[in-house]
Amino acid sequence: MNTKLKKNLNALKENALNMFCMSVLTGLFAGVLITFYNILMSIGEEKSADLYTLLFNNPAFIPLLFVGLAAGAVVIGTVVRFVPMIRGSGIPQIEGAARGVVKFKWYVTMCSMFAASLACVFMGYPAGAEGPSLELGGCCGSAVGVICRRNMMVRRLQIASGASAGLAVAFNAPITGVVFAMEEAFHSFSPQVFICATISVVTALVTRNAIRPALDYSVGFAFHGFVFADFNALSYLYLAVAAIITSVCGIGFYHLVFLSKKLFKKITFLKGAGKYIIPFTLAGAFGLITIYSLGGGHSFIEALTTQGGLKEISVGGVFGLSLIASLIIIVIIRFITAVMTMGCGVPCGVFIPMLAIGAGIGAILSQLFQMAGMPAACGDYFVIICMAVFFTCIVKAPITGIVMVFELTGSFANMLPAILGIAIGFIVGHLFKTEPIYEKNLHGYIAEEGLYSGVEKMSFTLRIAEGAKIAGMTVRDVIWPTNGLVVSRITPDGAAAVPDGETVLHENDTIVFECETDSADDTAKYLESLAGKQISDNENNT
């Protein structure tokens, strides 16, 4: 066997097979855990809806509801104080972990988020399963990396892969899961991230689709009732107006979230745990007003579709309200609870609640435009597209938004209108100069937890050995340590240049890597695992 073939086979064994096996294990773990988690979440939504209906019909017991909500809120607030990784949906924290910024103990975070978010749902809190599912998936990936004693690169890849699998299982949307990992978690469309995330997502969904039928649960699309008719030229004008209005609502949501964060920080009752009483008791009051304020919002979005049957609903026991008035009340309620959830840091998902707000806005605008002459057959377009526009304007993940529209409806008939609406949402968000909300929340979490304390700027000089993992890769495809940059590449003949993302790294090249780190030894070991050779220079830049 010649040397080159042997080297390629060794690289395949050490890199490709290693990543494949790790990703399969991550997918299996995430598939089992999150499938059962989502089943329990759906049961919790049903039971809480039954409870609130019972209390509405027996008002003498309503005071007991608020006593129970206050007690539960304090318990959950105390858990969040000791395990800050589960604050909010957990998406920003797990994104930080995938980038190597945030360190956490997977078993503590997994058990805490699993229990706390389920408790929120059983108490009737308007909580979604998708955010916690993503964090639980990241915990599964971290567990596989830690238990199998893999290096930092593999652990980060598996955290991202597990997060992708978690979102995919929650939505039954594989492409959305993969794209979210690259667009949000890593901010990189690296082949390594794509391959690992895809393997984990496929494995997790196969596991999900084997478990759910065995337990007599459906495995179909998230939303079944959308019907997409012909979309004429005039309807595009209506859609553009709807996208702008929805985007402005998204900007308002964004700023109110961070305003509520500032206000909640001022509440120090019971060492901060007491502030959770406010969103829980308010959510309880809203639950008595309308059943559509409970849960993540799946049932509300389904009800807005052509086949959903939402014609006249009860709000506060009054059935005579018009559809538009009822929708406005529900959207305002969901808007308030979602803002308070993110502002206070309740450990539950706001992914679906945000989509529900956007869908509700789309349904309201659709009804208004129909009065102005728009065909009623276009109504479902506005529900699903405004849902994605609201998400995109706030999260700044347009590709995920586009893919999500297709996967959640099982139809490509809405491709062009969806692209137009999401593009408008992204542009409006850019014009208002808002940051991606999960990114800003991550920065806030890092500052609050003091994760950048002790960070120093370091420079590492290393030579790429034969058969090294990064040999033959472009700079942009390598998962480097966080907050770092390859500032110089020197070829074996001594030619030096500043590399860009497309620069290919070759064996025997010398590279200089600079980064901010709080652990020079860990960073050096990680770079050594990439370059396949001992660090030749390690100096502190002051």
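**Reading salt bridges in this model**

Guide: Let us begin with E448, which counts as partly exposed at 43% relative accessibility, and keep in mind as we go on that this is a predicted model.

Visitor: Why does E448 count as partly exposed at 43% relative accessibility?

Guide: Partly exposed covers the range between the buried limit, under 20%, and the exposed limit, over 50%, so E448 with its 43% belongs there. K265, by contrast, is exposed, because its relative accessible area of 54% is over 50%.

Visitor: Which residue forms a salt bridge with E448, and how far apart are the closest N and O atoms?

Guide: The partner is K265, and the closest N and O atoms of the two are 3.4 Å apart. This pair links distant parts of the chain, since K265 belongs to helix α9 (residues 233–265) and E448 to helix α17, 183 residues apart.

Visitor: How many salt bridges does the structure hold?

Guide: The structure holds eight, and one of them joins E449 to R87, with the closest N and O atoms 3.2 Å apart. E449 lies in helix α17 (residues 437–449) and R87 in the loop between α2 (62–82) and α3 (91–98), so the pair ties together parts that are 362 residues apart in sequence. Together, R87, K265, E448 and E449 are linked in a network of salt bridges.

Visitor: Where do E514 and K457 lie in the chain?

Guide: Their side chains meet in a salt bridge of 3.9 Å, N to O, with E514 in strand β4 (residues 510–517) and K457 in strand β1 (residues 456–463), 57 residues apart. E514 is partly exposed at 22%, and K457 is partly exposed at 43%.

Definitions and conventions:
Residues numbered from 1 in each chain as written. Predicted model: local features only at pLDDT ≥ 70, side-chain atom pairs only at ≥ 80, totals over all residues. Heavy atoms only, no water. Salt bridge = Lys/Arg side-chain N within 4 Å of Asp/Glu carboxyl O. Helix = DSSP H or I, 4+ residues; strand = E, 2+ residues; numbered from the N terminus. Buried < 20%, exposed > 50% of the residue type's maximum accessible area, 1.4 Å probe, protein only.
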